[in-house]
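Please consult the sequence and structure shown below.

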Amino acid sequence: MKRLIDAGPAVRLKKNKQVYLHLCGSIMSQQLSVKVADILWKRFLALYDAVPTPQVIAETPPAILRAIGLSNAKVSYILNVASFALEQGMEWKQLQKMTNDDISRHLVRIKGVGQWTTEMILMFALGREDVFAVDDLGIQTAMQAIYKLDKTDKKKFRADLLRISARWSPYRTYACLYLWQWKDNSPKK
């Protein structure tokens, strides 16, 4: 990890107090390249005159969301996030008082939100420093290359990732940021 830290620019955690909006963006980016996700995000924001509230998102007709390139499933999930924010709460102050596990349990109740998505919220919206995204393909790819891990046995591979990442606690989020940075900037073969 020291080699990665020394090789690239310093990473920083940012907080986003509009957790519901960040969650919508995370859903849009699931299983997409960064470039495609960025295009969808810009199209989404362009639908509104200002930063949309949960109420405004909830009132957006599904056909409008489909027209910007979102799948039916993602449209449904984004509307689920807006409804959940209105009905169950997703306020910054509310979430800041909760543990990572409590936040995950709270948010995975939303259809379309899984563990990976909650990890992204913990890292990139709430700025939590000790989150490890074990199921993230970018993290897995980087760690496989850097640590010469064999991924043929998926259970052992996962255990290896968790064992290595335990050394980085309580700053595993920063480790993930450095791993993503390395993956995005490493020479392509």
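How many nonpolar, polar and charged residues are in the lining of the largest pocket? In this predicted model, that lining comprises 13 nonpolar, eight polar and seven charged residues.

**Largest pocket**

- The space in the largest pocket amounts to about 1200 Å³.
- Its lining consists of 28 residues, and those closest to the centre are Ser29, Val34, Trp116, Met120 and Phe124.
- Two or more lining residues come from each of helix H2 (19-29), helix H3 (34-46), helix H9 (115-124) and helix H12 (172-185).
- The greatest contribution to this lining is that of H2, which supplies six residues.

**Second largest pocket**

- The second largest pocket has a volume of about 190 Å³.
- Among its 14 lining residues, Gln115, Glu119, Val131, Phe132 and Arg172 are nearest the centre.
- Helix H8 (100-107), H9 and helix H11 (154-166) each give two or more residues to this lining.
- By class, the lining holds five nonpolar, three polar and six charged residues.

- Tyr178 belongs to helix H12.
- Tyr178 counts as buried because its relative accessibility is 9%, below the 20% cut-off.
- Apart from neighbours within four places in sequence, Tyr178 contacts Met1, Leu4, Ile5, Pro9, Ala10 and Val11.
- Although Tyr178 and Ala10 are 168 residues apart along the chain, their C-alpha atoms are separated by 8.4 Å.
- A polar atom of the Tyr178 side chain lies 3.3 Å from the backbone nitrogen of Val11.

Definitions and conventions:
Residues are numbered from 1 along each chain as its sequence is written. This is a predicted model: local features need pLDDT of at least 70, side-chain atom pairs count only at pLDDT 80 or more; totals for chains, interfaces and linings use all residues. Side-chain values use heavy atoms; hydrogens and water are left out. On a 1 Å grid over the protein atoms alone, a cavity is a set of points where a 1.4 Å probe fits but cannot get out, and a pocket is an open set with protein on both sides within 12 Å along at least five of seven lines; lining residues have an atom within 4 Å of a point. Grid points are joined across faces, edges and corners, and a volume is the space filled by probe spheres set on the points. Helices (H or I, at least four residues) and strands (E, at least two) are DSSP runs, numbered from the N terminus. Ala, Val, Leu, Ile, Met, Phe, Trp, Tyr, Cys and Pro count as nonpolar, Asp, Glu, Lys and Arg as charged, and the others, Gly among them, as polar. Buried means under 20% relative accessible area, exposed over 50%, partly exposed in between (1.4 Å probe, protein chains only). Contact means heavy atoms within 4.5 Å. A polar contact is a pair of N or O atoms within 3.5 Å; within protein, one must be able to donate a hydrogen and the other to accept it, and residues adjacent in sequence count only if both atoms are side-chain atoms.
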